[in-house]
Each structure stands twice: as C-alpha cells, then as structure tokens.
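I am keeping these entries while I look through the model. Each one notes what I looked up and what I found.

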Amino acid sequence: MTSRRLLPGLLLVVTALAWLVAVPLRAEAQTPKRGGTLRVSYGNEVAGLDFHTSPGYEMMWVGMNVGCGLINITPDGKFVGDAAESWQMSPDGLLYTFKLKKNVLFHDGTPADAAAVKFSIEHIMDPATKSGMRPFYDAVHSVEVLDSSTVQIRLKHPYAFMLHMLAGYRTGLVLYSPTATQKYSVEDRKQGKPEAVVGCGPFKLVEWVKGSHLVMDRFDKYFEPGRPYLDRIMIRVIKDPVTEMAAFKNGEIDFIASFSPDHVSTLKAQNPNANVMTGKETTPMVAQMKVTVPKDGKPMSTERAPHPIFGDVRVRRAIGCYGLDRQEIVKIAFKGQATPWVGMAPPGTLESVNVNSMCPYDQTKAKALLVEAGYGPSKPLTLELMTNTEKSVFNVIATVIKEQLARIGVTANIRLVDKVTWMNTTLQDGPWDMYVEDLLSLLTIDSNGYLSTAYVAKNSSAWSHPRHTDTKVDDYYARYAREMDAGKRKAIGKELLEYMADKMYWNTISGSPFYMVAQPWTKGYVYNAEFEVHWDTVWLDK
Amino acid sequence: MLRRLLQIIPTILGITFVVFVMMRSIPGDPVVSLLGDAYNEENAIKARQDYGLDKPILVQYFIWLGKLVQGDWGASILTGRPVLQDVLVRLPVTLELIVLSMAVALAIAIPAAIIGALRQNTWADYTATSVAMIGVSVPEFFLGILLLMVFSVGLGGFLPSSGWVYFPGTCQTVVCAAGLWGNTQHVLMPAVALGVGRAALLTRLLRASMLEVIRSEYVTTARAKGLSERPVVLKHALKNALIPTVTVMGLQVGFLIGGAIVVETLFAMPGLGTFGIDAIIARDYQQVQGFALITAFAFVVINLIVDLTYTFLDPRIRYA
C-alpha cells in the first residue's frame with residue numbers, strides 16, 4: 001500500500017531527472033561542431049565559374065557560397081540581410097537604400113563596400129558583360145554611393161520584384177571584388193582561377209579541376225561570426241544515379257545537390273535514415289507548342305506566320321488543354337509525387353494561381369475542337385513531339401502524351417535528341433511542333449525569363465520558344481511587375497495566368513519535383529529549392 | 001622505320017580532319033551552351049565571330065592546325081580553359097585505366113589460353129572457352145554495376161564506388177592519394193570491368209594460336225631434344241603464338257578508349273573518356289579536336305610499338 005502511494009511520486013522524480021539529463025544532451029547535440037569536409041555530389045558538371053555570365057544551377061550553387069550579395073530570401077519568402085544590414089524602399093518604390101555591414105571583406109582582402117555594390121550591378125548591366133541577368137535590371141536607372149557603407153539604387157519605374165531579383169533570381173546579385181574583376185579577364189573567371197573568382201561569401205574557391213572536383217575552403221574573415229562551420233567543401237560530379245546511390249550508401253558523400261526523382265524511392269529504401277529534402281514545386285514540366293514560324297523561312301525572322309498545326313488556338317486547346325490527362329502523366333512519370341498543373345507558373349511559385357479547372361481532361365471536347373479545326377479521319381493530324389536525353393522522365397512523359405493523343409486520333413512521332421540539339425532547335429527558332437522539358441525554376445511569375453523578355457513587336461526573344469506574337473502578354477507582364485499594390489498585382493497575375501492558359505501560349509503539365517539528399521550526420525542545412533543553396537550553416541555531426 | 005614513323009603524320013592529320021568536319025556537320029552549336037541565359041541572335045553572332053566559327057570549315061581547320069604546330073591546342077569554347085591543360089590532367093587517369101585493364105586481360109587470357117590449348121576438349125578447356133564467351137557477351141556497364149554492387153555496396157565500401165585520386169608523386173591538385181593503395185583502389189573495379197571483355201577475346205585468339213603452334217614441327221623438335229614441358233610451352237610455343245595476339249592487342253586500344261567512355265562515366269572518373277563524351281555532347285569543338293588528337297596519337301603510337309614488338313617475338317621479322 002505504501003509503495004503504491006510512493007509510485008506516482010517516484011515516477012515524477014524519475015521523469016524530472018530524465019528530462020534534466022536529456023535536455024542538456026539534446027542541446028549539446030544541436031550545437032554546431034566546427035571542422036570537417038562536406039562531400040557534395042553534383043549530377044552535372046559546372047559549366048563555368050563567372051557568376052555573372054556562366055549558365056547552370058551547378059555554377060549557381062558554387063556562386064551562392066563563394067559570393068555574397070545584398071540580401072537573401074528564406075523558404076517562407078522573407079528577406080534577410082547578407083552583406084546588407086538594413087534596407088528601405090521609398091514610398092514611390094523608385095529608390096532602394098541599402099546600409100551595408102561594415103566588416104564585409106572579399107577573399108582578396110578588399111572591402112565589400114558601397115562602391116563594390118555599384119561596380120557589381122553596373123557590371124551586370126553592361127551589355128558587354130553579356131549577363132543573362134541584364135533584362136532583370138532594366139528597371140534600374142542608376143546606382144549611387146552615398147558613403148562607403150550606404151548605396152542607393154534608383155529605378156526608372158517601380159519594380160515590385162526588385163528585392164526578389166536581388167535575392168533569388170538565378171544566383172541573386174553576387175558581389176564581385178572590383179580589384180580582382182578588373183585585374184582578371186572573364187575567361188579567367190570562367191576557367192575558375194581562384195585568384196580571379198573573388199567573392200565575399202563564406203567559402204573561397206581553392207581549385208576546380210573540370211570533370212573531377214571543385215574545392216572550397218572556409219573563409220576565415222567571413223562577416224558572420226563563427227561561420228562557416230565546415231573547413232572544406234569538396235564537390236564531385238557523379239552523373240550516374242546508380243553510382244551516386246552507391247556512393248551515398250557507402251558514406252562517400254554527405255550531400256547530393258540534385259537527385260533524380262526516378263530513384264528517390266530506391267534511395268529511401270536503401271537509406272532509411274537519409275534526409276531526403278523536397279518542397280514546393282517551382283519548376284514547370286511543360287509540353288510546349290510552337291505558335292508561329294518565320295514567314296520568310298529565316299529563323300528568328302520578325303515576320304511571322306501561324307505554325308501549320310499549333311498556329312490555330314483550337315488545336316492548341318484540343319491537344320494542350322483537353323487532350324492531356326495530367327493526372328495520368330503525373331501518376332506514371334512521377335509516381336504521383338508531383339502536382340498536375342495547367343498554369344504557367346507552377347504551384348510553388350509566388351502568387352501562382354490554380355487554373356486547372358480551365359483545362360479538364362475531356363476527350364470529347366478535344367475531338368470536337370479538332371474537327372472544328374478541320375482534322376478528322378479524312379485529314380488525320382500528325383505532329384512531332386521532341387524530347388531530349390537530359391532526364392529520363394522527359395521520355396516517359398513524351399510516351400504517355402503520345403498514347404493520350406492517340407486516344408483523340410492524333411499521331412505524335414517522338415523525336416529524341418540530345419540537350420544541345422534541343423537548345424539549338426528551340427532557341428534558334430528551328431523546326432519543331434511540340435516538346436517536353438522542365439525549363440527553369442521560378443521564384444516569381446516575373447522571373448520567367450522565357451516570357452518576360454518575350455516577343456515585343458519587332459524584338460523576338462530567343463527564350464520565348466513558342467514565339468507567340470501577342471503583345472498583350474508583354475503588357476500583362478509590364479503591369480504585373482510594376483504594380484506595387486499586392487492585391488492589385490495578384491489580380492493582374494491571375495488574369496495573366498488565365499490568359500496564357502486560355503490561349504495556350506504556355507502549356508504546363510505539372511510541377512517538376514526537386515530533391516536534395518543529406519546524410520543523417522549532415523546538420524544545419526536549410527532547404528530552399530534551387531534558389532538558395534548555402535552551406536555556411538552546415539556542420540557535420542560525426 | 002623512318003618511313004613507318006613518317007606515316008604517323010598523315011594518319012593523324014586525316015583522323016583530325018575527319019573529326020573536324022564530322023563535328024561541324026552534326027546538329028548543334030556550342031554558342032548556345034556558351035551563352036546560356038544571355039543567348040540572343042546579337043550575342044550569338046558576336047560569339048561565333050570571337051571563336052572563328054563564322055569562317056568556312058576548311059579555314060577553321062587550317063587555323064586550328066596552324067596553332068597546333070606552335071603547340072597551342074586551343075581553348076575550350078565553353079570554359080575558356082586550355083585544351084592541352086585539361087588533356088594532360090586527364091591523360092594519367094585513362095592511361096592507368098587502360099594499362100591496368102590490359103594487364104587484367106592478359107592475366108586472365110594467357111593462363112586460360114594455355115590451359116585450353118594444352119588440355120583441348122577437356123573440362124578445363126570447356127570452362128575456359130565458356131568463360132571467355134560469357135566475358136565477350138557481358139557489356140562493360142553491366143559488369144561495372146555488378147562489381148559496384150558486390151565490392152562497393154555489398155562489402156560495405158571495401159572499394160570506393162567512384163571518383164579518383166592522383167598518385168602522390170604526380171599529383172598537381174589538392175586531391176591526392178595518401179599512398180599507392182589510395183590510388184589503386186579507385187581503378188580496380190573499372191579496370192576489371194574494362195579488361196574482362198578484352199580477356200575473353202584474347203583468350204579465344206591465343207588459344208587458337210597456341211593450338212596451331214604446339215602442333216608445329218619446331219615444338220615437336222624441342223620436345224624431342226628433351227626439353228621439359230615448361231620451357232617448350234612458355235619459351236617456344238607461347239612466344240610465337242603471341243604474334244597475332246599482340247596485333248589484336250594494339251587494335252584493342254581503340255576499343256579500350258571507347259570502353260573507357262562508358263566505364264569512366266559509370267565510375268565518375270575524370271579521364272579522357274568522360275572528357276571526350278562531355279565535349280561531344282556540348283559541341284565543344286576545340287575539346288573534341290583535342291580528344292581526337294590524343295586518341296589518334298595514342299592509337300598510332302601503340303600500333304607502332306606493336307609492330308616493333310614483332311621483331312622481339314620473331315627475330316625473322318626485320319624493318320628496313
């Protein structure tokens with residue numbers, strides 16, 4: 001009887017003791033440890049290391065760690081200072097003032113001050129630099145240095161996504177050391193000569209042996225106290241997912257920067273403790289249709305004629321809108337791990353709107369539209385569906401589309417090409433009818449470079465693959481990006497997405513899932529899709 | 001001999017010219033990859049002018065050749081890196097892989113062929129012949145994956161799944177092996193994957209030659225003189241039987257370079273194979289030329305060495 005009375009008290013004491021013991025242990029486990037090498041695997045080679053001009057995510061993820069910028073963006077869309085301590089926008093949205101942290105140094109020891117910010121922005125804006133980011137700086141009128149730690153960016157017109165652009169379009173703004181940039185050529189930076197690639201980020205470039213590895217070491221004078229925790233980052237290229245999985249299983253790599261969606265379930269089964277990271281889908285998987293062709297037969301000609309098949313909006317709607325069963329495609333190609341989507345901006349993109357109801361899978365409607373457009377048993381529709389070898393999922397989707405189009409009496413002949421041929425054909429206005437690809441990750445609707453620099457009357461943009469000639473789209477874009485009132489801007493964005501879906505200028509199939517994988521001992525990484533890949537908070541618990 | 005050496009020059013020139021023309025004949029433009037997001041017609045035209053890609057193919061070839069004579073292999077269109085520098089970094093990787101895979105091939109082929117020939121139509125012969133048949137039939141990538149699953153994943157990382165570290169003495173990067181094993185462990189599986197197919201082929205070939213040689217009169221004479229079986233087989237029979245095998249070994253170098261593309265990709269090795277295939281995919285013309293030049297040179301030189309080896313194997317063969 002006495003022991004029964006004592007039991008609750010005893011349990012309480014034991015629980016309290018356990019809590020007291022466990023809490024410090026937990027706290028100790030979460031305290032970042034310094035040192036070690038983070039071994040990262042890339043699925044593709046770095047194309048070059050000039051952060052203002054070289055293409056590819058692989059370059060960007062290096063750029064985000066070697067370089068620093070003004071601000072960064074968090075996964076929940078908040079802006080946080082990088083080299084900037086604070087910032088403010090004038091009420092009219094035309095003037096941005098950035099106050100910089102005073103202890104920011106480039107890896108060559110020179111200060112990352114207001115003059116360096118001005119230099120870096122003007123370097124990107126200079127047409128001679130040939131930066132793909134230049135169109136996004138169109139709104140910038142001038143950059144003024146107020147004092148060594150204060151810089152002002154004056155705009156020609158309001159630009160609602162100025163901060164998004166500086167934080168997360170491609171690499172975001174990467175500050176370059178004026179001294180090193182003027183001393184070394186763009187070729188030196190592309191080649192990854194460490195003395196030429198000088199940023200103010202947490203890691204400095206040590207060595208890039210193309211095809212083998214890239215090494216970055218901790219920058220001891222990084223402005224964030226105590227960071228980075230790692231001594232070194234070693235990036236290796238492992239193109240084959242099977243080999244990548246073997247290397248991960250063996251513990252030869254700590255972090256996979258981009259993992260093939262096809263192999264995620266296998267990797268999870270082999271490594272139950274692996275940290276498989278994914279999030280909102282920001283990359284659109286598309287089945288684009290070409291809207292116009294050059295009237296005079298010369299690629300990129302501004303004289304346009306409707307595409308023989310998809311120049312007719314009824315055919316675009318029949319095939320792209322009602323003729324595709326997006327649910328089925330996602331089920332087969334992504335094992336259900338993606339969102340069927342019609343809107344131009346995928347579900348994870350800021351201010352994206354679900355317009356799926358505009359395009360329900362409806363074979364009857366699709367067939368009727370084709371008949372209306374003049375196709376039928378006496379005049380069957382045959383088209384070419386181009387896909388490329390970059391990702392196996394493209395071919396799976398193309399095969400499912402072929403099957404679905406056959407259900408509405410359309411013959412799709414699949415043309416498999418390599419990535420460069422696809423790029424050449426689409427960028428250079430070559431002959432194609434329809435293609436499957438997943439294009440680029442979109443932080444905002446505005447960041448869609450494929451259309452924001454779209455066909456404007458006489459100026460055909462290479463990246464506007466469908467090459468529609470509808471200037472209303474450009475008008476939508478301009479109004480959307482300049483509208484500072486969030487409510488009004490969202491309304492314009494919704495209109496734009498509905499308009500694009502209605503006209504089928506842009507044919508999204510679904511979101512395209514993105515995966516990163518880390519070993520259980522790799523701690524402190526904050527997943528933010530492809531937009532922000534920072535290893536300064538990462539530490540190794542082993 | 002001098003004539004034989006001089007023949008190398010037109011052979012290499014011919015190969016590089018064919019590759020030069022072929023690369024420019026297939027669809028694709030390196031400028032697209034070079035410019036990426038910054039691609040537009042204006043920038044593309046400028047870039048083509050900068051890299052001389054707007055000139056006629058023949059003019060481009062002679063410009064390349066002119067620079068080559070001065071020791072300039074050109075620079076990668078995509079990265080701007082000197083081609084020769086990249087080739088020299090990658091050459092030791094492929095060289096080691098090819099030498100080791102050939103060693104693997106010979107280590108399997110010679111004993112198997114001797115046993116097969118000396119014990120013709122016995123279970124040992126059938127086993128050697130069957131294994132050779134299987135070896136020829138298994139593609140490198142499949143065998144590579146099997147090895148990966150067994151020796152890397154299955155044995156808890158006994159051998160590293162991929163990558164490469166350079167020999168400590170020759171290492172010019174920060175990724176250097178601590179010792180010989182540090183380097184060798186990376187090349188074992190790739191060498192076996194690449195070598196087994198060659199071993200199978202060489203076994204069949206050498207066995208057939210051995211069968212022919214051991215029935216020849218001079219071997220019978222050697223035996224009649226009272227020589228023991230070991231010197232008869234190794235010194236008299238094998239040496240002569242090796243002549244056709246050595247010829248094929250020289251020709252196999254081309255296949256080994258081709259196989260290296262697959263094996264290096266699978267095992268993520270930074271060798272010439274991956275260099276070549278990446279260059280072709282990206283249409284990086286300068287790098288492709290560098291790849292063609294070094295492989296053509298290697299092929300021709302190795303076959304020259306093979307020709308010279310005949311004189312050692314058979315003293316009756318003489319080059320003027």
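**Entry 1: the sheet in chain A**

I started with strand β13 (residues 284–289) of chain A, which is joined to β19(A) by three bridges, the two strands running antiparallel. Strands and helices here are DSSP runs numbered from the N terminus, at least two residues of E for a strand and at least four of H or I for a helix. I found Pro284(A) bridged to Gly511(A) in β19(A).

This is a predicted model, in which local features need pLDDT of at least 70, side-chain atom pairs count only at pLDDT 80 or more, and totals for chains, interfaces and linings use all residues. Residues are numbered from 1 along each chain as its sequence is written, while chains are lettered from A and ligands numbered from 1 in the order in which they are written.

I then followed the whole sheet, which is open, has five strands in the order β17-β16-β18-β13-β19 (chain A), and is mixed in its pairing. Two strands pair if DSSP finds at least two bridges between them. Which strands stand at the edges? They are β17 and β19 (508–511) of chain A; each has a single partner strand, so one side of each is left without a neighbour in the sheet. With direction ignored, neighbouring strands of this sheet are turned by 20° against each other on average.

**Entry 2: helices on the sheet**

I looked up what packs on this sheet. Helix α12 (residues 392–407) of chain A does, touching β13, β16 (381–388), β17, β18 (434–437) and β19 of chain A. The direction of α12 makes about 165° with that of β17(A). Helix α13(A) also packs on the sheet and touches β16, β17 and β18 of chain A, with its direction at about 125° to that of β16(A). These angles run from 0 to 180 degrees between N-to-C directions, the axes being lines fitted to C-alpha atoms, for helices over the stretch in contact.

I checked Ile397(A) next. Leaving aside neighbours within four places in sequence, Ile397(A) is in contact with Met285(A), Ile329(A), Ala333(A), Val436(A) and Ile509(A). Contact means that the C-beta atoms, placed from the backbone, lie within 7 Å.

**Entry 3: Val417(A)**

I moved to Val417(A), which lies in strand β17 (residues 410–417) of chain A.

**Entry 4: chain B and the interface**

I found 13 helices and zero strands in chain B. Of its 320 residues, 42% count as buried. The C-alpha atoms of chain B fill a box of roughly 80 × 55 × 35 Å along the principal axes.

At the interface, 41 residues of chain A are in contact with 44 residues of chain B. On the side of chain A, α6 (186–190), β8 (203–209), β9 (213–218), β10 (232–237), α7 (241–249) and α13 (419–427) each supply at least two residues.

**Entry 5: confidence**

I noted ipTM 0.81 and pTM 0.85 for the model. Chain B averages a pLDDT (the predictor's confidence in each residue, from 0 to 100) of 86, and 98% of its residues score at least 70.

Methods: Two residues are in contact if their C-beta atoms, placed from the backbone, lie within 7 Å. A residue is buried if 20 or more other C-beta atoms lie within 10 Å of its own, exposed if 12 or fewer, and partly exposed in between; C-beta atoms are placed from the backbone.
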